[in-house]
Amino acid sequence: MNIKPIASVALISAVALAFSGCASEGGAAGKTLTGSGASSQAAAQAAWTAAFQTANQGVTVNYSAEGSGAGRSAFTAGAADFAGSDRPLKDEEMGAGKFAGCAADSNALNLPVYISPIAVVFNVDGVTALQFSPDTLAKIFAGQIKSWDDPAIAKDNPDAKLPAGLAITAVHRSDDSGTTNNFTDTLNKLAPSVWTEAASDTFPAAFGGEAADKTAGVINAVTNGKGTIGYADASAAGSLGKASILVGGKPLQPTPEAAASILEHSKTVTGRAANDLAFSLDRTSEGVYPAVLVSYAIVCQTYKDASRASLVKSYVGYIASADGQSAAAKAAGSAPLPASIQEKVKAAVDSIK
Amino acid sequence: MTTVSQALAPGELTSGRLPAFVLPTTIVGAAVVGYALAVLLAGGNLAVAVIVGYVLFLVVMEIAARVVEGARQASDHRARHLIVGAFALALVPLASVAWEAVSKGAARFDPLFFSVSMRNVIGAGGGALHAIYGTLWVTGFATLISVPIGLMTAIYLAEYGNRGRLAASITFFVDVMTGIPSIVAGLFAYALMTLIVGPGAKFGFSGSVALSVLMIPVVVRSCEELLRLVPNELREASYALGVPKWRTIVRVVIPTAISGIVSGVILAIARVIGETAPLLIAAGFAASINNDPFSGPMTTLPVFVYDQYAHPGIDVQPYWDRAWAGALTLILIVMLLNLAGRLIARRFAPKIGR
Amino acid sequence: MSQQSMIRADAEPASHHHPDPKRVGDRVFSGLATGSGVLILVILALVAAFLLIQGTPALLADPAKLTAQGYGPFAEWVAPYVFGTLWAAALALFLAVPVSIGIALFISHYAPRRLAQPLGYVIDLLAAVPSVVFGLWGAAVLAPAVQPMWAWLNANLGFIPLFGGQASGTGRTILTAAIVLATMVLPIITSLCREVFLQAPKLHEEAALALGATHWEMIKMAVLPFARPGIIAAVMLGLGRALGETMAVAMVLSGGRQISFQLLTSENPNTIAATIAQNFPEAFGLKVNQLIAAGLVLFVITLAVNTIARWIVARRAQYSGAN
């Protein structure tokens, strides 16, 4: 009879119930904060969540790393209390009254909370260090340089023993991502004659190359392949070689220090409220590692619900604090916000109502 | 197998048989030659050795059988060797996946893994208790929705439809339904639940709805096929005894097919229990235990595995260990379900010759 | 036929004597069964409506607007993915169907009866492996393992167009993805085929053997013709899985937007399902509509594939001597 398979499942569910001593951690009476968005922030959010929940018993923070786009639409629809996003909201996405979770006359705020350098990782037998001029790097990822013994690579790396005749497999992200956007923006800004495509979440299809899913997929492909090169969050690089980028003739490694200062050299987007900290990145400053991803927390200026506001205020306040930033640096390998930016974010968070 | 030591002349009752020593000798010979060739040509690559050896074995056996036993017997041998080869081939990925899961999952397959969630865990430690509960809730509800609908539809198709227009269109659209990409099911469930309960409808039951969309066609398809295989004689015998149709179906048809139905249902569960993409959309993500399927995000094991794999911290190892331990747990859960299903089937199936 | 209707006719009047319990039970039960069937149609209609409502903005949008705000003109954008979906599924079935039928036969007709059930269980285990794990396995174990073989094929048989092009340095090609897909659909096809083979009429089998047929001839004459509709149903189930599989393809395949039959290069056509899954998280505005429209296209493909398959089955049935 059809009841039997059902009964077995019901039995299993019942066993599950019996075994679960407590109903839900954090408790039904506890407060829940819902965030949604960029997967780049996932490891950092996990660290922030853990520290915040420890300090505030009874609060549960759920951050779903579904992606920036999903996070922004969830926030706009009022389905998330805050969004994580690899870019600030655009002018046409901003506007008082557009956000279901915010008060009717409230706009959203873009607050930078997570900075991460994007490393160029490679796996070439017998080569441990490489450096590239922006033009060479752009030509590799555009498929114009196809072999590791190309003279352009040899010119950038006079001391390296490059294998003869080994084909280059340039790995890019197959999924749309903020990492791709920032990396292609870097190539476009630093090597405009080679990289003619504007910055985009999608890697330009015309340039071909190998595609891999998510940061982990890129790292996997580069690690397991032969003669591979790719770009990924520096913290994910593991034991892979990280190439230096030659900016103004000086090789720069993707270190947190070289990355973090980019915000100090960049200006906020014009025409926004004073509290809104949406930056337009200046990647050409001297001594600044150019391929940097800046990820934002998007919150309401004024929440419909005051208890939401106070929860978001204390959580995002913690994230942007020196404590929060160093927790993320330790757990996710991000670059802590420079002190001057921390202050600005703190002021903005204090203004949330 | 009896061995006839010499080939008999044409016209006699039985024809020649390959001596018993041919098969093992050919296997050993082909293996040795295959390995030697692989060493010479491909640097001792084991895969090459196996492929070359197997082809060599087939060729030698074919020739030997044709010469001694004739074409009909040779094709019988060929079919047997190909079929055994197919089975062995399927064991390769199975063994490889199982080895990966067990060897990499063992590191964190410890009591802690099953006794805590990931709440407030950074780096090493932590467990998947929340994800195990989530899996049971989400898949359990999906099964509760899908099996009755799927089985009843299969009954309609096999017993009532008479291949009419409604039955034909249901059969057709069930096939179409198997092709719904899982992520579309997730988007659909999220949109549907948002319509019903308002924005932010990310909870376990939404995930169950998404999984049901994927699961129902699998249940229908396998159950229908199995109900059709029940011999008509059984139904007719039951009708002849004056048993009404519905009781015939419940007491005769379903019990006859129960072993296949259970294995079909288990396969359907296995099909959806490992889904990731739709659940991320419909059920969200949580690091804490949530035992209320109607409110708040709920994590299932595959989502947990995917999250550990895709968003590791700076020291990747503990995250990957947890990911593999989660995968191993998931495989074990489905194994247990399978075993339970088989026991149930054996308990209720009528005792017949097979 | 006549016997059947006679017995039915016998059963009918019998129910006249006790109309209430039987009639009501029958009516409720058949109502429930019909209702379930209709409910499935309703669910599918809802899914279709959802896809249409969310997808039409992209289908109707001006190509220039799609270039600016979406992924580009729709037909041009989706064509490689349509090709990739069909190509990957076809390759996977090409690999999986013969092996599956072989395994099913092995379990049902070759393995010692004592072993048959545990062996079936072992193959079912493959179905227990979640697609994320297949993805991990495919990308981290299978791809590096087959890369040298692919490079060898490319170097020695590169004159065959299928094996041409620049061999991938990672092994994450469409052939590798097809192997993973084949591994995933294999237990589905095997499980159903096995059940069907086991149900083949024992009397026919014994009759064939008694007439002097070899084991294989018996299978060809008594088992396979009987099982043909079941095999086709199993293959359709597998095809559905192969067309819609998302995560494993997304993790294993180096997918782009090339329409190419080459099996061993880095530049492969991606599948629709993987494209949706990969790009949906970062999508917004028209891009969301465009991705859902791609889902609609996959839906239509499944519809078309099923229609063609049914047509083939119907045509074959006319010539088949079985049943």
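1. For the classes, Ala, Val, Leu, Ile, Met, Phe, Trp, Tyr, Cys and Pro count as nonpolar, Asp, Glu, Lys and Arg as charged, and the others, Gly among them, as polar. The domain assignment of chain B gives 4-107 for domain 1 and 114-348 for domain 2; such bounds come from an automatic or database assignment. The C-alpha centres of the two domains are 40 Å apart.

2. A word on the model before going on. It is a predicted one, so local features need pLDDT of at least 70 and side-chain atom pairs count only at pLDDT 80 or more, while totals for chains, interfaces and linings use all residues. Residues are numbered from 1 along each chain as its sequence is written, and chains are lettered from A and ligands numbered from 1 in the order in which they are written.

3. Back to chain B as a whole. The C-alpha trace spans about 85 × 70 × 35 Å along its principal axes.

4. Of the 354 residues of chain B, 55% count as buried. Here buried means 20 or more other C-beta atoms within 10 Å of the residue's own, exposed means 12 or fewer, and partly exposed is in between, with C-beta atoms placed from the backbone. As for contacts in chain B with a separation of 6 or more, 69% are between residues 24 or more positions apart.

5. One residue to look at is B:Ala98, in helix 3 (residues 71-105) of chain B. B:Ala98 counts as partly exposed because it has 18 C-beta neighbours inside 10 Å. Its C-alpha atom is 23 Å from that of B:Val265, which is 167 residues away along the chain.

6. Now the chain B contact with chain C: 80 residues of chain B meet 81 residues of chain C. Helix 3 of chain B gives the most to the chain B side, with 19 residues. By class, that side splits into 54 nonpolar, 15 polar and eleven charged residues.

7. Chain A also touches chain C, with 30 residues from chain A and 25 residues from chain C. On the chain A side, helix 3 (68-76), strand 7 (210-212) and helix 7 (214-224) are the elements that give two or more residues. Helix 3 of chain A gives the most, with five residues. The chain A side has six nonpolar, 16 polar and eight charged residues.

8. Chain A has eleven helices and 13 strands. Its radius of gyration is 23 Å, which agrees with the value near 20 Å that a compact globule of 353 residues would have. Its C-alpha trace spans about 65 × 65 × 35 Å along the principal axes, and 57% of its 353 residues are buried.

9. Where does strand 4 of chain A sit, enclosed or open? 16 of the 16 residues of strand 4 are buried, so the strand is largely enclosed by the rest of the structure. Strands count as paired if DSSP finds at least two bridges between them. Strand 4 pairs antiparallel with strand 13 (residues 292-300) of chain A over nine bridges, with A:Leu111 bridged to A:Ala297. Six bridges link strand 4 to strand 8 (residues 228-233) of chain A, again antiparallel, and A:Val120 stands opposite A:Tyr231 there. Strand 9 (residues 241-247) of chain A runs antiparallel to strand 4 with three bridges, A:Phe122 being partnered with A:Gly241.

10. Last, helix 10 (residues 322-332) of chain A. Its buried residues include A:Gly324, A:Gln325 and A:Ala327. Strand 4 is one of the elements that cover the buried residues of helix 10, and helix 9 (306-320) and helix 11 (339-350) of chain A are among them too. After helix 10 comes A:Gly333, with a positive phi near 70°.

Key. Two residues are in contact if their C-beta atoms, placed from the backbone, lie within 7 Å. Helices (H or I, at least four residues) and strands (E, at least two) are DSSP runs, numbered from the N terminus. The radius of gyration is taken over C-alpha atoms; the globule rule is 2.2 Å times the number of residues to the power 0.38.
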